[in-house]
Every structure is written in C-alpha cells, then in structure tokens.
Amino acid sequence: MIRASRPLQITFHRAFDMARDPLRALDTIIGLGVDQLLTSGQRATAEEGMQLIKQLVDRADNRLTVMAGAGINGLNVRRIVQATQVREVHASASVPRMPEIATGEARFGNHSRVTSVQRVRELIAAMS
C-alpha cells in the first residue's frame with residue numbers, strides 16, 4: 001500500500017497508540033517507510049501522553065515526523081510542542097454542529113461536529 005500510494009506522504013494513524021511496545025512499533029513503522037506518525041502518546045490526549053511523545057520524537061531522530069494529536073487546543077498547544085519537540089500537531093478544532101441536536105445524537109454514537117474558524121485562530125495565536 002505504501003508503494004502504491006507514492007508520491008503521497010504516508011501517515012500512520014493513532015492505531016499506533018494500541019501498540020504493546022511503542023518504541024519497537026516506531027522502529028517497525030520507520031522501517032516500512034512511513035513519513036508521519038499521529039499519536040497521543042498512548043493516552044486519551046496528547047497532553048497526557050507528552051512523556052512518550054517526547055521519547056518517540058527523540059527515537060525517530062528525524063527519520064519520520066511525530067505528530068501529536070488528541071485534545072490539542074489553544075490552551076495547551078504551546079506547552080505540548082515545547083515539552084515534546086513535535087514539529088506538527090493534529091487538531092480538529094471543532095465544535096458541535098448544532099449543540100441542541102448533538103447532545104441527542106451522542107446517545108446514538110453520532111457526533112456531528114464542524115471545524116471552528118475561531119478555534120483554528122486560537123491555535124495559530126497560541127503558537128505565534
């Protein structure tokens with residue numbers, strides 16, 4: 001799949017966060033030729049997983065890009081970037097599409113969310 005996808009870049013999804021041995025898994029992913037790894041550091045949020053994310057950045061040693069994701073927002077992005085030394089983050093910057101409906105939809109496993117221009121601006125401002 002990687003060869004067939006070239007010249008596009010390949011990002012390994014947060015499925016990585018289920019790996020039993022994350023450092024060994026990182027080495028395998030690098031060996032496969034993956035360009036980026038999206039991870040929360042095997043925690044619910046990247047902020048909680050900062051310690052492992054930093055270890056992954058160090059071990060990757062520029063052989064791939066480690067991208068922190070999950071729970072990234074304008075209040076924590078600077079702290080996460082500084083603590084982990086990631087060069088990229090992934091953030092949905094989203095809000096419920098229709099808050100009064102989204103609550104009801106959540107009961108059924110549907111999450112209707114849209115990217116918020118304001119939240120994107122907050123992320124940018126936090127890093128400026």
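What follows is a conversation about some local features of a predicted model.

Colleague: Where is Asn76, and what makes it count as buried?

Modeller: Asn76 sits in the loop between strand 3 (65-69) and helix 4 (77-84). Its relative accessibility is 3%, and buried means under 20%. Asn76 therefore counts as buried.

Colleague: Which residues does Asn76 touch, leaving aside those up to four places away in sequence?

Modeller: Asn76 touches Glu47 and Gly71.

Colleague: How do you know that Asn76 and Asn73 make a polar contact?

Modeller: A polar atom of the Asn76 side chain lies 2.8 Å from the backbone nitrogen of Asn73. The cut-off for such a pair of N or O atoms is within 3.5 Å, and 2.8 Å meets that distance.

Colleague: Why is Gln85 called partly exposed?

Modeller: The relative accessible area of Gln85 is 46%. Buried means under 20% and exposed means over 50%, with partly exposed in between. Gln85 is therefore partly exposed. The residue belongs to the loop between helix 4 and strand 4 (88-90).

Colleague: What is to be said about phi of Gln85?

Modeller: Phi of Gln85 is near 70 degrees, a positive value in a residue other than glycine. Most residues other than glycine have a negative phi.

Colleague: Is Ala93 buried or exposed, and what is its phi?

Modeller: Ala93 has a relative accessible area of 8%, and the cut-off for buried is under 20%, so Ala93 is buried. Its phi is about 50 degrees, positive although Ala93 is not a glycine. Ala93 is located in the loop between strand 4 and strand 5 (94-96).

Colleague: Which residues are closest to the centre of the largest pocket, and what is the volume of that pocket?

Modeller: The largest pocket has a volume of about 170 Å³. Of its 13 lining residues, Gly71, Ile72, Ala91, Ser92 and Ala93 are the closest to its centre.

Colleague: What makes up the lining of the largest pocket by class, and which helix gives the most to it?

Modeller: The lining has five nonpolar, six polar and two charged residues. Helix 6 (residues 117-127) gives the most, with three residues. Gly counts as polar and Ala as nonpolar.

Colleague: Which peptide bond is cis, the one from Arg6 to Pro7 or another, and where is Pro7?

Modeller: The bond from Arg6 to Pro7 is cis, with omega near 15 degrees. Pro7 lies in the loop between helix 1 (2-5) and strand 1 (11-12). Most peptide bonds are trans.

Conventions:
Residues are numbered from 1 along each chain as its sequence is written. This is a predicted model: local features need pLDDT of at least 70, side-chain atom pairs count only at pLDDT 80 or more; totals for chains, interfaces and linings use all residues. Side-chain values use heavy atoms; hydrogens and water are left out. On a 1 Å grid over the protein atoms alone, a cavity is a set of points where a 1.4 Å probe fits but cannot get out, and a pocket is an open set with protein on both sides within 12 Å along at least five of seven lines; lining residues have an atom within 4 Å of a point. Grid points are joined across faces, edges and corners, and a volume is the space filled by probe spheres set on the points. Helices (H or I, at least four residues) and strands (E, at least two) are DSSP runs, numbered from the N terminus. Buried means under 20% relative accessible area, exposed over 50%, partly exposed in between (1.4 Å probe, protein chains only). A polar contact is a pair of N or O atoms within 3.5 Å; within protein, one must be able to donate a hydrogen and the other to accept it, and residues adjacent in sequence count only if both atoms are side-chain atoms. Contact means heavy atoms within 4.5 Å.
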